Amino acid sequence: LKQGRLLEAIRLNTQCVQNNKGAGRLWASLIQLVHQCACGRRLTHRAAGPSRALFVFLRALQFVSKSGEVWCEGARLFLNPCSSLFSLQRARYCLNLAVFFTPQYGDSFIEVVSGAGGEA
C-alpha cells in the first residue's frame with residue numbers, strides 16, 4: 001500500500017475500533033497497519049511504526065486480552081529485527097498466549113513451531 005492509503009486505512013480502522021472495542025480482529029488489523037507504516041516522514045513518524053504499534057497492542061489488551069489474533073500481532077512486533085523491540089523471548093510469550101486463547105486456529109500452532117515459539 002502507498003503511504004497515503006496506509007494512513008487512510010489506519011484512520012478508518014481506528015474509527016472502527018473506537019466503535020467496537022471488543023473486536024479482537026479489528027485491534028489486530030490496526031496493530032498490523034500501524035506497525036507496517038514506515039517511519040520515513042514526519043506525519044507517519046508520529047502516527048505509526050513499531051513503538052506506536054506497541055502502544056496500540058497494549059491498549060488492545062485492555063479490551064481484548066483473550067484475543068489470539070492480538071497476541072499474534074504482539075509477537076510480530078517483537079519479531080521485527082529492525083526494531084528496538086526485537087525480542088525472541090517476548091515473541092515466544094505472545095505466541096504461547098495466542099495458542100492458549102485460540103487453540104482452534106492452526107496458524108498459531110504453525111507460528112509457534114516454525115520459529116519464535118520454539119517449544120510449544
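This is a predicted model: local features need pLDDT of at least 70, side-chain atom pairs count only at pLDDT 80 or more; totals for chains, interfaces and linings use all residues.
Is Trp27 buried or exposed? Trp27 is buried, because its relative accessible area is 5%, and buried here means under 20% relative accessible area, with exposed over 50% and partly exposed in between, using a 1.4 Å probe and protein chains only.

Residues are numbered from 1 along each chain as its sequence is written, and side-chain values use heavy atoms, with hydrogens and water left out.

Okay, the overall picture. Helices and strands here are DSSP runs, H or I of at least four residues for helices and E of at least two for strands, numbered from the N terminus. Of the 120 residues, 42% count as buried. Now take contacts, meaning heavy atoms within 4.5 Å. Among those between residues at least 6 apart in sequence, 49% join residues at least 24 apart.

Let's go to helix α2, where Trp27 sits. The helix covers residues 24–36, and at 1.5 Å a residue its 13 residues should span 18 Å; the end C-alpha atoms are 18 Å apart, which agrees. The expected span, by the way, is 1.5 Å times one less than the number of residues. Besides Trp27, the buried residues of α2 include Leu30, Ile31, Val34 and His35.

So what does α2 pack against? One answer is α4: the two axes are 8 Å apart, at an angle of about 170°. Those axes are lines fitted to C-alpha atoms, for helices over the stretch in contact, and the angles run from 0 to 180 degrees between N-to-C directions. α2 and α4 are therefore roughly antiparallel; the cut-offs are under 35 degrees for roughly parallel, over 145 for roughly antiparallel, 65 to 115 for roughly perpendicular, and oblique for the rest.

Which residues meet there? From α2 you have Trp27, Leu30, Ile31, Val34 and His35, and from α4 you have Pro50, Arg52, Ala53, Val56, Phe57, Arg59, Ala60 and Phe63. That contact divides into ten nonpolar residues, one polar and two charged. For the bookkeeping, Ala, Val, Leu, Ile, Met, Phe, Trp, Tyr, Cys and Pro count as nonpolar, Asp, Glu, Lys and Arg as charged, and the others, Gly among them, as polar.

Have a look at Val56 in helix α4. Val56 counts as buried, at 8% relative accessibility. Leaving out residues up to four places away in sequence, Val56 touches Trp27, Leu30, Ile31 and Val34. Val56 and Thr14 are 42 residues apart in sequence, yet their C-alpha atoms are 9.9 Å apart in space.

Now the rings. Rings of Phe, Tyr and Trp (its six-membered ring) pair if their centres lie within 6.5 Å; planes under 30 degrees apart count as stacked, over 60 as edge-to-face and the rest as tilted. How many aromatic pairs does that rule give? The count comes to four. One of them is Trp27 with Phe63, a stacked pair at 5.8 Å centre to centre with 10° between the planes. This pair links distant parts of the chain, Trp27 in α2 and Phe63 in α4 (residues 50–63), 36 residues apart. Phe63 counts as partly exposed, at 35% relative accessibility.

Then there's Phe57 with Trp71: their ring centres are 5.5 Å apart and their planes are at 85°, so the pair is edge-to-face. Here Phe57 in α4 is linked to Trp71 in α5 (residues 68–78), 14 residues apart. Phe57 counts as buried at 3% relative accessibility, and Trp71 is buried too, at 10%.

Staying with α5: nine of its eleven residues are buried, so α5 is largely enclosed by the rest of the structure. Among them are Val70, Trp71, Cys72, Glu73 and Leu77.

Last stop, a cysteine. Where is Cys82 found? Cys82 is in the loop between α5 and α6 (88–101). At 77% relative accessibility, Cys82 counts as exposed. Cys82 and Pro50 are 32 residues apart in sequence and 9.3 Å apart in space, C-alpha to C-alpha.
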